[in-house]
Each structure stands twice: as structure tokens, then as C-alpha cells.
Amino acid sequence: MENASPSTIKGTGVVAGVAYAEAVWVRPRPELPTAGETVAEEQRDAEYDHFLEAADIVASRLEQRAAGAEGQAAEVLGATAGMVKDRGWHKAVRKGIRSGKNAEYAVVGATDRFVTMFEAAGGVMAERTTDLKDVRDRVIAQLRGEQEPGLPMVEGEAVLLADDLAPADTATLDTTHIKALVTELGGPTSHTAIIARQLDLPCIVAVGAELRTIEAGTQIFVDGSVGTVTLGADRTASLKAVEEYREKAARVAEWRGPAQTKDGHRVQLLANVADGNAARIASDSQAEGIGLYRTELSFLSASEEPTVEEQARIYGKVFNAFPDSKVVVRTLDAGSDKPISYATLDSEENPALGVRGLRIARDNEALLTRQLDAIAQAAEKRAEGATTWVMAPMVATAVEAKWFAELCRERGLTAGAMIEVPAAALMADTILPHLDFVSIGTNDLTQYTMAADRLSPQLAYLTDPWQPAVLRLIQHTCVVGRDNNVPVGVCGEAAADPMLACVLTGLGVTSLSAASTAVAGVGAQLAEVTLEQCQKMADAAVNAEGPADARAAVIDLLEQFQAS
Ligand code: PEP
Ligand code: MG
């Protein structure tokens with residue numbers, strides 16, 4: 001025993017897996033200065049030299065890290081060092097200092113100017129603003145003689161702790177050293193969770209302020225499947241658990257689809273994608289096709305609606321990645337946390353409960369029909385035998401389902417709907433008969449069932465797809481699906497969790513769609529259990545009191561099945 005009394009801190013596990021390593025903290029970003037004292041004219045040259053010196057130190061530190069890194073990480077670090085040395089930026093800082101600002105404030109002003117310019121340019125340029133701000137923060141910390149913010153250098157193995165991770169923090173995250181992520185904030189659909197899933201790193205989010213009690217250098221045991229961080233865990237047992245996890249990871253890497261349970265029950269495993277690029281990456285995974293193409297993500301920065309031809313070209317890129325397979329295209333899910341300037345209302349009191357998804361088309365049917373025309377146009381070019389399904393987000397009533405299905409069928413498209421509003425699940429017997437398929441969006445179904453904002457870190461304990469209330473709605477939808485011969489898929493984050501995938505299969509879900517990196521883990525897990533065992537796990541989870549009990553009951557059952 002390393003410590004006589006191990007203590008456990010709990011959060012929400014979003015990527016399964018275990019790690020045992022020392023804790024390292026992502027260093028916080030510096031507070032930005034507001035207008036400081038004016039620098040006297042005779043001191044301005046020295047102030048600029050002070051800036052140059054700080055920028056030089058930051059650049060050479062980044063270059064040093066770039067030299068020690070490989071591939072994309074080296075490129076990102078090299079490019080960031082280049083930004084620190086950028087002459088245009090230096091000129092803007094000098095101008096600020098010459099006008100009397102101190103170096104820190106001049107750095108903020110110069111960066112803001114570039115950020116505005118880059119944002120106006122849009123596209124790739126706009127994406128670089130995060131890096132510019134990162135450079136600003138590093139130089140400000142150096143000017144103050146503080147430690148560089150962001151990712152610390154790690155020599156051995158470590159668990160990364162942070163309040164939340166920014167995209168810039170994760171760009172160079174080196175998984176040979178970082179073995180797990182644990183954050184104070186975030187939720188199951190936060191940026192941290194998405195990155196962890198992509199990197200397949202055990203991850204726990206929304207631990208709360210208690211995480212701050214863990215000091216850097218402390219040896220901790222992290223279990224992403226149950227969301228626990230243990231201090232003072234038994235070293236031998238922890239290392240054994242890590243070894244077993246590694247063996248399992250190796251089995252996952254070797255797993256090949258198509259997916260089926262041990263006794264041959266087929267479950268279609270598909271990938272969630274945002275664009276052609278993600279679809280190409282997914283085509284290298286074991287996914288059989290695409291179960292959710294979130295079309296709105298292609299248009300977040302568009303100020304005008306793309307023409308039908310332009311849309312068809314964009315959708316065609318996704319189809320091309322899976323030329324002969326199934327692709328499920330979701331029509332615009334604009335609104336709420338995904339506003340699109342040409343589609344959504346300007347201001348709403350409560351956008352998550354507002355005019356989002358299919359609701360936008362009630363007053364603007366042409367927006368939807370132009371999108372359906374574009375999908376049909378792109379689908380026409382697909383190989384014979386390729387399956388193109390189209391589904392609407394945020395369907396709440398049978399009237400909406402019928403209306404959408406008619407518009408699809410007029411264009412020869414196979415029509416479906418997302419089941420992500422509790423009313424749609426409860427009224428499945430009136431909705432499903434109008435449709436060819438449905439796909440359950442567990443992210444929103446959980447948010448609306450639990451009346452808990454999916455983006456709120458404080459409410460992550462509620463927005464857990466293991467909530468039995470959510471599982472019961474899924475169960476009901478599956479029963480109706482079976483009765484009406486309508487396939488019921490799941491395309492929310494729940495489908496990425498291998499244990500929950502067993503539960504969903506047991507409930508009667510026929511396809512699972514998740515981030516392509518999660519597909520093999522789900523497939524390998526399903527291969528280890530029979531359909532009857534899945535049904536037993538489903539029964540236990542649905543009848544549990546809460547998400548933690550549901551998980552614990554399923555883990556227990558899995559252990560029993562493995563032992564027998
Ligand atoms: C969902 O709500 O589960 C879903 C898949 O849709 P999105 O996450 O895009 O809202
Ligand atoms: Mg949704």
C-alpha cells in the first residue's frame with residue numbers, strides 16, 4: 001500500500017480506460033492586463049527591448065520543443081514559434097509601446113488587431129486566432145517572469161489535470177507521455193471529451209473544485225469507465241489494472257468488423273462525421289458507413305446560404321469517402337449552440353428550447369427543400385447499391401415526421417428522424433409509422449429528459465447517457481421500432497461507450513454511430529458477449545436507480561460473464 005487510506009474523487013467518465021501515473025497540471029493562462037500606466041518617452045526603447053527579449057525566449061523554447069517533437073506536433077510548435085517572431089506583430093507591438101503603452105498592454109493590443117483581421121478573413125485564418133492568443137499569453141507570462149502557460153513538459157508518464165482544455169492545449173498533446181485527462185469543468189460533449197475520444201485517452205470531466213486538491217507530482221489512479229480518480233491507490237493492483245487495460249487495447253486494435261455479438265447477432269457500426277475530411281478518416285476505421293453526417297457544421301461560418309450546387313458538392317465529398325456504403329445525412333441542425341447566420345433567429349430567450357433543427361423549416365420550408373434537393377443531387381452520383389438515408393433533427397411530433405418524410409420521398413430519398421426530444425420517444429408509436437428509420441440522439445435526449453443543459457459542467461452528473469430515464473425512453477422506442485419494422489439506431493455519444501453499446505444492443509438498437517476512433521472499442525466489446533447477456537445488462541441498467549448504479553450493475557454482470 002502506498003497510502004493507508006486511499007481516497008477517491010468522482011467526476012463523469014467520458015472515455016473508458018485506466019491509467020496510473022503522476023499528476024501534472026496545465027498551467028493557467030495569465031490574466032490579461034488592462035490599460036496600464038503610460039511609459040515615459042525615454043523608457044520606451046527599453047520597454048520594447050524587454051518585449052523583444054521575452055519574445056525571443058518564448059520562441060526559442062518553442063523551437064527547442066519542435067526539435068524534440070515529430071510530425072504534426074513539430075509542425076504546430078514550429079508554426080507557433082514563427083508567430084512569436086512575426087515581424088508584422090512585432091511592428092504592431094512597437095507602435096503600441098511608442099504610443100506610451102507598457103509592453104504587456106501593447107502585446108494585447110497588437111494581438112487583438114491581428115485577431116480581428118484573421119477573423120474577418122475567415123476560414124483557415126480564423127482558426128489561427130487561438131494560436132495567436134496562445135502566443136500572446138506565453139509572451140505576457142514571460143514578461144512577468146511567470147511560468148509559461150499551457151501544457152507542461154513531461155518526461156515520464158503523466159495524467160494531465162486542467163480546469164478545461166483549450167484546442168491549443170491539445171494540439172501538441174503527446175500520448176506517449178500523457179496517459180489520461182481529468183478536468184474540473186467540461187461535460188460529455190465538451191472539447192476535452194471530443195479530443196480525448198479522438199486520441200483514445202481515458203478521460204474524466206466535471207470533477208469539480210475537489211480536483212484542485214491534487215498536487216502536481218502525486219501518483220494517481222484514473223478509471224475513465226467509472227469516472228474516478230484515486231489518490232493513494234495500491235501500486236501493484238493499479239499497475240495490474242493498467243496492464244489488463246493495455247491488453248484490451250491491443251485486442252481492440254486488432255478487431256475487424258463487421259460487428260456482431262459472440263453468438264452472431266449483427267449490429268451495424270457507423271461513424272459520426274462533420275465533413276469530407278472526417279469521412280475520409282472514418283473510411284480508414286472499421287466503420288461500415290456513416291450514421292450521422294452533421295451537415296450544419298459545414299456552414300457555421302457561412303454568411304449566406306450556399307447554392308444547391310455548392311451544397312451538393314460539399315455533400316458529395318462525404319459520399320465519396322464511402323462510395324458503396326450507407327451514409328445517413330442529417331438536415332441542418334442549426335440553432336441553439338450551433339447558430340448559422342442565414343438560418344437561425346437572431347436572438348431567443350432560450351435557444352436550446354427554441355427554433356432549432358427541423359423547426360427552422362416551419363417558416364422557411366424552401367431552406368429545407370433546397371438542402372434536400374442538394375442531397376438528392378449528390379446522392380444521384382453515388383454507385384448503384386449505395387444507401388443514402390436522410391433524417392431530420394429535433395422532430396417532436398407525428399405531424400413533423402410526416403411532413404418531413406413527404407418532402408424526402410418527393411425527391412426519392414429514404415426518410416428518417418432523430419429521436420432526441422422526449423415527446424418523440426414517448427409518442428414513437430405515432431411517429432415511426434411515417435418513417436423508414438429513426439436514430440436516437442442521446443446527447444439531446446438526455447439534455448431534454450433531465451432538463452439539464454448539455455454544456456453545463458455543473459450538471460454533467462445529470463447529462464449522463466447512463467441515466468435510466470433515458471434508457472427507458474430508448475427501450476420504448478426500440479419496442480415500437482420492432483413492432484413497426486423500423487430500424488432504430490443510436491448516434492449520440494452514448495454509442496461510443498463500449499459497455500453502454502452492449503446495453504443499447506440488449507434494448508434492441510440495430511445500429512450504433514460514434515466517433516470513428518470509438519468504433520473498434522465498441523466492436524471488440526460486443527464480440528465478447530452474447531445477445532442474451534446484452535439483454536441482461538440492459539435489464540439491469542434500465543432498472544437501476546441512477547447512472548452510477550446502472551454502470552456498476554453492468555460492470556458486475558460483465559465480470560460474471562467473463563468468469564463463466
Ligand atoms: C444528439 O443530440 O445526440 C446528436 C447526435 O446530435 P447533436 O449532438 O449534433 O445535437
Ligand atoms: Mg442533437
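Buried means a relative accessible area under 20%, exposed means over 50%, and partly exposed lies in between, for a 1.4 Å probe and protein chains only. This is a predicted model, in which local features need pLDDT of at least 70, side-chain atom pairs count only at pLDDT 80 or more, and totals for chains, interfaces and linings use all residues; side-chain values use heavy atoms, with hydrogens and water left out. Residues are numbered from 1 along each chain as its sequence is written, while chains are lettered from A and ligands numbered from 1 in the order in which they are written.

**The barrel is closed by 8 strands.** Helices (H or I, at least four residues) and strands (E, at least two) are DSSP runs, numbered from the N terminus. Two strands pair if DSSP finds at least two bridges between them. The strands follow the order β9-β10-β11-β12-β13-β14-β15-β16, and their pairing is parallel. From one strand to the next, the twist averages 25°; the axes are lines fitted to C-alpha atoms, for helices over the stretch in contact, and angles run from 0 to 180 degrees between N-to-C directions.

**Strand β9 pairs with β16 and with β10.** In β10, Asn272 has Leu292 as its bridge partner, and Val273 stands opposite Tyr293.

**Helix α10 belongs to a β-α-β unit with β9 and β10.** The helix covers residues 276–283, and the unit is right-handed. A crossover is called right-handed if, with the strands pointing away from the viewer, the path from the first strand over the helix to the second runs clockwise.

**Tyr293 and Tyr315 form an aromatic pair.** Rings of Phe, Tyr and Trp (its six-membered ring) pair if their centres lie within 6.5 Å; planes under 30 degrees apart count as stacked, over 60 as edge-to-face and the rest as tilted. The structure holds 6 such pairs. At 0% relative accessibility, Tyr315 counts as buried, and Tyr293 is also buried, with a relative accessible area of 0%. Tyr293 and Tyr315 form an edge-to-face pair, with 6.0 Å from centre to centre and 75° between the planes. The pair links distant parts of the chain: Tyr293 is in strand β10 and Tyr315 in helix α11 (residues 308–321), 22 residues apart.

**Tyr48, Phe51 and Trp89 make up one aromatic cluster.** Among the 6 aromatic pairs of the structure is that of Phe51 and Trp89: the ring centres are 5.6 Å apart and the planes stand at 70°, so the pair is edge-to-face. Phe51 belongs to helix α1 (residues 44–68) and Trp89 to helix α3 (residues 87–98), so that distant parts of the chain, 38 residues apart, are linked. Phe51 is buried at a relative accessible area of 0%, and Trp89 is buried at 2%.

**Glu420 and Asp444 coordinate the magnesium ion (ligand 2).** The OE of Glu420 and the OD of Asp444 coordinate the ion at 2.1 Å. Glu420 lies in the loop between β13 (414–419) and α14 (422–426) and Asp444 in helix α16, so the pair ties together parts 24 residues apart in sequence. Donors are N, O and S atoms within 2.8 Å of the metal (3.2 Å for Na, K and Ca); water is not among the atoms, so sites may look incomplete. Both Glu420 and Asp444 are buried.

**Thr80 sits in helix α2 (residues 71–84).** At 8% relative accessibility, Thr80 is buried. Leaving aside residues up to four places away in sequence, Thr80 touches Leu62, Asp134 and Val135, where contact means heavy atoms within 4.5 Å.

Most residues other than glycine have a negative phi, and most peptide bonds are trans. Asp200 has a positive phi of about 55°; this residue is in the loop between α8 (191–199) and β6 (203–205) and is partly exposed at 43% relative accessibility. Ala451 also has a positive phi, near 50°. It is in the loop between α16 (442–450) and α17 (468–484) and is exposed at 70% relative accessibility. The peptide bond from Gly257 to Pro258 is cis, with omega near -5°, and Pro258 is in the loop between α9 (235–254) and β9.
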